[in-house]
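Please open the model in your viewer and keep the sequence panel beside it. The stops below say what to select next and what is to be found there.

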Amino acid sequence: MSLLFKLINLLLYSNAWIALAATCSVWQSLLFISDAPISNFSYLLIFTFSSTLFIYAIHRIQGLQKVSAFKAKGRYLVISTFKSHIIIYAILGAVGAAISFLYLSWASKLSLIIPAFLSLGYVLPAFSRQRRLRDIHFLKIFLIAIVWTWVGVVLPALETNFSFEQQAIWWMMLEKLLFIFAVTLPFDIRDLAIDQHTNVKTIPALLGASKSKILAIASLVLMLVCCSLNVLSGLYQMQHFLAFVLHAILTGFVIYAADKDRHDYYFTGILDGTITLQFLMLHFTSLQM
């Protein structure tokens with residue numbers, strides 16, 4: 001294996017890539033709801049990165065036990081090979097999350113009870129017959145969207161004391177929910193065989209791949225409706241809305257081309273990367289204003 005592929009595997013399967021995406025999601029919200037320097041919220045960004053690193057590492061380790069029949073294939077082979085490394089990343093993530101958690105406001109600490117329960121329930125077999133929340137039919141994609149919305153929007157709003165009486169924050173929450181739903185659906189297309197093996201029903205299993213892609217793209221359109229409403233609310237400027245539109249078009253093409261036979265780099269790398277790309281496009285647009 002070449003050095004390049006080793007570095008890509010390290011970035012993707014150490015969960016650093018998805019942790020970066022979660023951090024960018026929080027930073028993106030801070031761009032619009034706070035005028036304070038981003039350095040004032042470094043503890044929040046560290047908490048987001050570390051906790052995401054921890055949860056996804058636990059998910060990968062626990063997931064190996066559920067898909068033993070696939071251990072010699074694709075990403076599961078890489079994860080199985082570097083399982084001990086991923087355990088170390090989980091420990092580092094837990095330590096980083098625990099320390100940075102202390103700097104959060106009490107409102108944020110209390111609010112994290114809900115996403116923590118959902119996240120741990122998602123990855124750990126804490127229910128009857130060794131089931132996880134993600135093993136409940138049709139539930140996992142909604143759990144992911146809810147947790148990402150909570151961490152990406154609700155947590156920054158609490159840390160900045162942004163008023164939940166303003167409609168803008170609710171449109172931003174719905175916008176995030178719809179976006180994460182859209183980019184998560186193709187992963188269920190990728191995992192059709194695995195979910196069938198573990199007897200978990202998903203939206204693509206019910207609708208098929210083509211209709212699921214249409215649903216994901218429709219979700220992006222609805223996301224743009226929420227963005228337009230936040231232009232009217234004054235939270236976004238027209239330049240931001242145009243950046244959202246361009247990003248939605250690019251993401252739509254990525255979703256359309258997401259077939260189950262594509263290499264996992266396409267999903268874990270490119271599709272997850274659309275989250276970071278959205279932040280970069282909006283950040284660049286904000287710098288030009």
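The phi of Asn-161 is near 60°, a positive value in a residue other than glycine. Because its relative accessibility is 68%, Asn-161 counts as exposed, where buried means under 20% relative accessible area, exposed over 50% and partly exposed in between, computed with a 1.4 Å probe on protein chains only.

Before moving on, note that this is a predicted model, in which local features need pLDDT of at least 70 and side-chain atom pairs count only at pLDDT 80 or more, while totals for chains, interfaces and linings use all residues. Residues are numbered from 1 along each chain as its sequence is written, and side-chain values use heavy atoms, with hydrogens and water left out.

Next, select Phe-138, in the loop between helix 7 and helix 8. Phe-138 is not a glycine, yet its phi is positive, at about 65°, and with 31% relative accessibility this residue counts as partly exposed.

**The whole chain**

Now zoom out and colour by secondary structure: the chain comes to 14 helices and zero strands. Its radius of gyration, taken over C-alpha atoms, is 19 Å, close to the 19 Å that the globule rule gives for 289 residues, so the chain is as compact as a globular protein of that length; the rule itself is 2.2 Å times the number of residues to the power 0.38. Along the principal axes, the C-alpha atoms fill a box of roughly 50 × 45 × 45 Å. Of the 289 residues, 51% count as buried. Among contacts (heavy atoms within 4.5 Å) between residues at least 6 apart in sequence, 74% join residues at least 24 apart.

**The nonpolar cores**

In soluble globular proteins, nonpolar side chains tend to be buried together. A nonpolar core is here a set of buried Ala, Val, Leu, Ile, Met, Phe, Trp, Tyr and Cys residues joined through side-chain atoms within 4.5 Å. To find the largest such core, which has 66 residues, select Leu-44, Trp-148, Met-172 and Met-223, the residues with the most contacts inside it. The elements that give two or more residues to this core are helix 2 (16-33), helix 3 (42-66), helix 7 (113-123), helix 8 (140-159), helix 9, helix 12 (209-233), helix 13 (238-256) and helix 14. A second, separate core of twelve residues includes Ala-57, Ile-61, Val-78 and Ile-86.

Stay with Met-223 and show its surroundings: leaving aside residues up to four places away in sequence, Met-223 touches Glu-175, Leu-178, Phe-179, Phe-244, Ala-248 and Gln-278.

**A pair of helices**

Two packed helices are described by the angle between their axes and the distance between the axes. Select helix 9 (residues 167-190) and helix 14 (residues 264-287), whose axes come within 10 Å and cross at roughly 175°. The two helices are therefore roughly antiparallel to each other. Among the residues making this contact are Phe-179, Ile-180 and Val-183 of helix 9 and Phe-267, Leu-271 and Ile-275 of helix 14. The residues of the contact divide into eight nonpolar, three polar and four charged.

Select Pro-156 in helix 8, which counts as buried at 0% relative accessibility. Apart from residues up to four places away in sequence, Pro-156 touches Val-26, Ser-29, Leu-30, Ile-33, Leu-44 and Val-151.

Move to Leu-235, in the loop between helix 12 and helix 13; with a relative accessible area of 13%, Leu-235 is buried. Its contacts, not counting residues up to four places away in sequence, are Phe-32, Ile-33, Ala-168, Met-172 and Asn-230. A distance drawn from Leu-235 to Met-172, C-alpha to C-alpha, comes to 9.2 Å, although 63 residues separate the two in sequence.

Finish in helix 3 with Ile-46, which is partly exposed, with a relative accessible area of 46%. Ile-46 touches Gly-96 and Ser-100, again not counting residues up to four places away in sequence, and its C-alpha is 9.1 Å from that of Phe-101, a residue 55 places apart from Ile-46 in sequence.

Conventions. Axes are lines fitted to C-alpha atoms, for helices over the stretch in contact, and angles run from 0 to 180 degrees between N-to-C directions. Helices (H or I, at least four residues) and strands (E, at least two) are DSSP runs, numbered from the N terminus. Angles under 35 degrees count as roughly parallel, over 145 as roughly antiparallel, 65 to 115 as roughly perpendicular and the rest as oblique. Ala, Val, Leu, Ile, Met, Phe, Trp, Tyr, Cys and Pro count as nonpolar, Asp, Glu, Lys and Arg as charged, and the others, Gly among them, as polar.
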